[in-house]
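Me: I would like to go through the charged pairs and the nonpolar surface of this model, one question at a time.

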Amino acid sequence: MKKYLFYIVFLPALLCFAACSDDNDIDEPVVPPTITNVTEGVYIINEFNPMAGELSQLSFYNKEDGTLAKDIFLKQNEIPLGVGAQDILTYGSKMYITVTNSNNICITDLNAKLLKYKDGSVAKIKSSEAKEGLDAPRRLIAHDGYVYASYWSGHVAKIDTTKMEIVDITSNSENYKYFEEMTIVGNKLYVPETQDKRNRISVINLTSFKEEQAITVAENPMHIINDNSGNVYTLSADWSTTPYTFTFTRIENNKVADTQAVAGNEIVSLGDELVLMEVTYGAKMPKFSFYNTKTKEIKEQVFTTGDQKLDMKLQNAYKIAVDPNNQDFYIVVSEYGSEGEVFVFDKNRKYKSNFKAGGLSPVKVHFSTTVNSVNE
Amino acid sequence: MYDSISTQQLKQVEISAKSKPSTSQSSTPLQVITENDILKQGISSVTDAVKRFNGVILKDYGGIGGLKTVSIRGMGAEYTAVSYDGMMVNNLQAGQVDIGRFSLDNISMLSLSIGQTDDIFLSAKTLSTAGILNLQTKKPVFTTKRSQLYGKVSTGSFGYFEPMLDYAYKVNNRIAIGANVNWQRADGQYSFINKYEGKRKRKNSDVNIFRSELNLYTKISETDQLDLKLYYFDSARGLPGAIIYDNEKMNTYGYLWDKNAFSQLVYNKRISDKWKFKSQLRYDYKYTKYDYTRIELSRSKYKEHEIYWSNVLMYHFNPKLSASISQDLIYSSLRSEFTEFDSAKKEPNRYNSYTSLVAQYKSDRLTITASGLFTYLKETSKNNKGKNYYRRLSPALSFSYKPFDTNLRFRASYKHIYRIPTFAELHYSATGKDLNAESASQYNLGFTWVSSFNNTPLEYINLSVDAHYNDIKDKIVIQPTLFLPLSYNLGEAEMKGIDTKLSGNIRIANRLSLDITGTYSYLQARDMSKETKSGTPNSNYKSQIPYTPKHSGSASLTFNNPWINLTYAVILSDKRYTKLQNLKEDEIKAYTDHSITLFKEMKIKDYQVYASGSINNLWNNNYEIIANYPMPRRAFRISVGLKF
């Protein structure tokens with residue numbers, strides 16, 4: 001009964017919270033415009049089933065030779081990554097990985113080898129040691145020399161990237177707010193409360209590192225993203241309807257500018273467009289809509305591999321991502337009980353290739369960038 | 001003094017032998033553990049007893065409070081019924097019964113029957129499952145004294161303490177009452193070895209269980225008997241959850257409060273030499289409260305009500321031919337409250353009817369039983385969509401035949417099982433379309449052989465070998481998704497295997513003997529779904545179903561002597577997979593669990609004294625039955641019982 005209940009009540013809750021798209025609004029470290037970045041490969045976090053205590057794995061897909069290295073974190077460090085790995089971020093020469101159930105943030109080099117503190121211990125930011133009540137790290141974002149992490153406990157932590165330590169934590173006197181995705185515009189960090197039936201977006205001033213205000217949006221905001229022109233968008237879900245319905249809210253100058261019903265439970269940014277994906281269980285294929293941030297128009301688009309059998313797999317689309325270096329569009333597929341798969345489409349939405357994710361529940365793909373050439 | 005013990009023992013054996021059904025004559029596999037076995041072999045719990053049965057897979061999440069369910073031949077726990085004094089124990093929500101909740105202290109007999117039983121004077125619903133784990137409580141037998149008192153105290157490792165008091169009183173020749181109170185507590189904090197972290201401690205697995213029951217036995221006349229049972233169960237248990245790497249505090253928050261009260265009225269009437277009638281009425285209430293996460297946020301409460309009325313009428317055409325008709329009517333409801341996603345609740349009500357017609361021919365050499373069960377179910381719920389009724393006729397046929405004068409019997413049986421989706425499958429998941437009931441077929445072919453050997457040390461030998469084939473069509477698959485899990489009929493599963501059991505008694509000298517028992521099961525339980533939900537070929541086609549070992553077995557050896565009885569028992573299980581993929585990395589290692597028990601029975605004046613001491617997991621093996629739910633390592637247990 002106990003195990004069952006996880007499936008009935010708790011797992012869906014978790015899955016809901018986990019259902020977040022990738023942070024493509026990460027402000028990359030300042031890079032001189034003369035350098036061309038090339039994606040050498042893709043890191044994939046395979047979450048597996050954290051409720052059953054299953055260890056998450058990090059796999060690496062080498063784009064050049066098409067090989068997949070499974071569970072490279074374990075290979076590199078001889079210790080597992082932990083349970084419930086969620087998000088991965090590269091900033092400077094370091095990689096940060098949030099591991100929710102093991103309750104820490106691992107800091108590694110670009111090859112997933114754990115870094116060490118001066119005292120020789122491995123670089124893990126353990127929530128319980130950082131602050132009483134700080135619990136369950138979820139998402140990461142970098143800005144202006146710092147990495148920020150959101151926590152289910154309703155905190156945002158500011159991480160000093162040299163010391164690899166938390167230097168500041170927002171306060172939360174209430175219950176868990178289930179913070180997930182974050183987005184930064186100017187010196188403000190926006191983070192929605194994803195606890196069931198909540199509708200608040202907390203706005204944190206990065207200078208004072210305090211909540212400055214809260215914006216009310218449609219209930220259950222699951223995703224937040226910005227369009228690089230100062231607009232912030234949230235995607236909210238209504239689970240009480242069949243099928244589920246989703247609301248898209250545009251926030252301008254910290255006020256709700258407009259809302260509209262959309263087909264989408266996942267969102268990523270692709271140039272001037274925001275791509276929404278809606279997975280309706282029982283329906284044939286996921287629906288893709290492109291929202292033009294300039295014209296504010298929504299157009300539906302079909303993704304097809306051209307092969308009916310391969311297309312069938314897209315019914316189990318789970319996550320989407322965009323390669324920041326060449327705008328390739330990634331659809332991550334997770335069929336229950338089997339290894340995940342990744343489908344790649346080029347920027348003209350033409351099917352390129354697919355590869356195995358290396359594990360179950362691929363929750364996040366992350367692009368490993370190398371500096372390839374310098375344009376004189 | 002020793003003489004009195006052996007006569008006492010003999011008496012006990014006779015008594016239990018009388019009520020014990022014959023396992024070798026049964027036309028379907030039947031296994032029995034009596035009170036005497038429980039005492040002598042130091043069987044500590046219902047779970048511990050079930051482990052020694054053949055052809056079952058026990059899912060044990062570890063510790064005293066962890067969920068324990070039984071599945072027959074890998075068919076899934078929803079296919080196993082648990083009956084308590086003849087009435088089925090239900091779990092409306094998940095459809096599987098946690099056998100950890102029962103105490104062994106007041107159990108006189110525990111039996112497991114696979115397929116259709118030969119007893120045809122049963123309520124119709126008992127025909128609806130793949131097998132029944134039957135718990136029979138002790139009925140007082142008065143000889144000279146009017147009252148009997150039995151007290152027992154057990155204690156052991158991990159803060160385990162369990163006192164029990166059983167009292168029976170004969171009011172007059174017609175009326176007797178029996179009362180039983182049992183309390184169990186344990187801290188449940190045991191150590192285990194984690195692959196990457198070394199020694200860790202299982203936390204949040206404390207248990208506090210109170211059980212009580214009151215029985216009233218009324219002999220209205222020579223032909224009429226009315227029994228009333230009032231039962232109350234109250235528990236508070238930690239839910240330790242899976243072990244989380246690098247986080248000792250995780251999963252130390254979950255808690256379960258569980259209350260159950262039922263009253264059960266059983267009326268038996270022998271109308272004539274040919275007619276027998278039994279009516280049973282039960283009202284059952286269950287209250288469950290779960291706290292899940294780190295904070296109060298995730299709390300869910302469930303209330304289940306059930307009214308169950310069963311009538312069975314049996315007619316003997318002649319000494320060999322008999323038939324019975326049974327009708328069960330059941331109303332059940334489930335109400336829930338969630339702190340989160342409360343809008344998802346459905347408030348279902350279920351109206352259930354089971355009708356059975358059974359005919360049996362029984363002679364010394366041949367037993368044939370044929371039955372038909374008609375299941376009808378109607379359901380209403382809030383925001384009800386899709387299918388709300390189920391109906392089906394399920395046949396069963398079994399026979400047992402003794403071709404020669406020796407005690408060699410062949411048996412064969414077939415049974416159809418119609419498993420209606422549980423409340424969880426129907427209402428706590430999103431169903432893309434109507435969810436059909438699962439349809440399963442169960443086939444068994446085997447033999448039993450009992451023989452005694454004169455002038456040899458081998459007193460008797462009892463062998464049973466059964467081959468089985470089972471398949472489940474329209475298997476319900478529950479898939480976690482974005483929000484609510486999705487359930488759909490897609491799967492097909494197939495189980496085939498062999499169950500063997502050998503037991504015997506070897507006489508060494510006067511009053512010195514050895515009881516030996518060994519079981520071995522081979523089980524191939526495979527996913528036979530050709531396609532996945534998305535229509536692509538199933539990459540796990542023909543993979544072994546998670547948590548079903550291909551090879552498993554048990555063995556025990558009891559040394560009977562006038563001084564102190566000694567039993568050594570071992571349970572063995574091959575590796576299992578946690579996932580359908582059957583990858584090497586998803587393997588859980590094979591294990592063995594050994595235990596040793598010393599047992600002594602004495603008579604001091606008018607009292608009968610029992611004392612036993614056991615060491616479980618003698619070799620301190622670190623193992624898991626379910627991945628990331630470590631089992632306790634070496635543990636001690638001592639019990640002392642006193643009968644007045």
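**Patch and salt bridges**

In this predicted model, strand β9(B) gives the nonpolar patch its largest share, three residues.

Me: Which strands of chain B each supply at least two residues of the nonpolar patch?

Reply: The patch is made by Leu149(B), Val153(B), Phe161(B), Leu165(B), Tyr167(B), Val181(B), Trp183(B), Phe210(B), Tyr232(B), Tyr607(B) and Phe644(B), and covers about 880 Å². The strands of chain B that each contribute at least two of its residues are β8 (147–156), β9 (160–170) and β10 (175–186).

Me: Is Tyr167(B) buried, partly exposed or exposed?

Reply: Tyr167(B) is found in strand β9 of chain B, and is one of the residues that make the nonpolar patch. Buried means under 20% relative accessible area and exposed means over 50%. Because its relative accessible area is 34%, Tyr167(B) is partly exposed.

Me: How many residues apart are Lys364(A) and Asp87(A)?

Reply: Lys364(A) forms a salt bridge with Asp87(A), with the closest N and O atoms 3.1 Å apart. The pair links distant parts of the chain, since Lys364(A) belongs to strand β28 (residues 362–374) of chain A and Asp87(A) to strand β4 (residues 85–91) of chain A. Both Lys364(A) and Asp87(A) are buried, and they stand 277 residues apart.

Me: Why does the salt bridge of Lys177(A) and Glu193(A) tie together parts that are apart in sequence, and by how many residues?

Reply: The side chains of Lys177(A) and Glu193(A) meet in a salt bridge at 4.0 Å, N to O. Lys177(A) lies in the loop between β11 (165–169) and β12 (183–185) of chain A, whereas Glu193(A) lies in the loop between β13 (188–192) and β14 (200–205) of chain A, so the pair ties together parts separated by 16 residues.

Me: Which residues are linked with Lys177(A) and Glu193(A) in a network of salt bridges?

Reply: Lys177(A) is buried, with a relative accessible area of 6%, and Glu193(A) counts as buried at 0% relative accessibility. The network of salt bridges that holds Lys177(A) and Glu193(A) also links Glu174(A), Arg198(A), Arg200(A) and Glu211(A).

Me: What is the relative accessibility of Glu341(A)?

Reply: Lys313(A), in helix α4 (residues 308–314) of chain A, is linked to Glu341(A), in strand β26 (residues 341–345) of chain A, across 28 residues, and the closest N and O atoms of this salt bridge are 2.9 Å apart. Lys313(A) is partly exposed, with a relative accessible area of 24%. Glu341(A), by contrast, counts as buried, its relative accessibility being 10%.

Terms used. Residues numbered from 1 in each chain as written. Chains lettered and ligands numbered in written order. Predicted model: local features only at pLDDT ≥ 70, side-chain atom pairs only at ≥ 80, totals over all residues. Heavy atoms only, no water. Helix = DSSP H or I, 4+ residues; strand = E, 2+ residues; numbered from the N terminus. Buried < 20%, exposed > 50% of the residue type's maximum accessible area, 1.4 Å probe, protein only. Patch = residues over 30% accessible without salt bridge, like charges linked within 9 Å, V, L, I, M, F, W, Y side chains within 5 Å. Areas by Shrake-Rupley, 256 points an atom, 1.4 Å probe, with all protein chains shown as cover.
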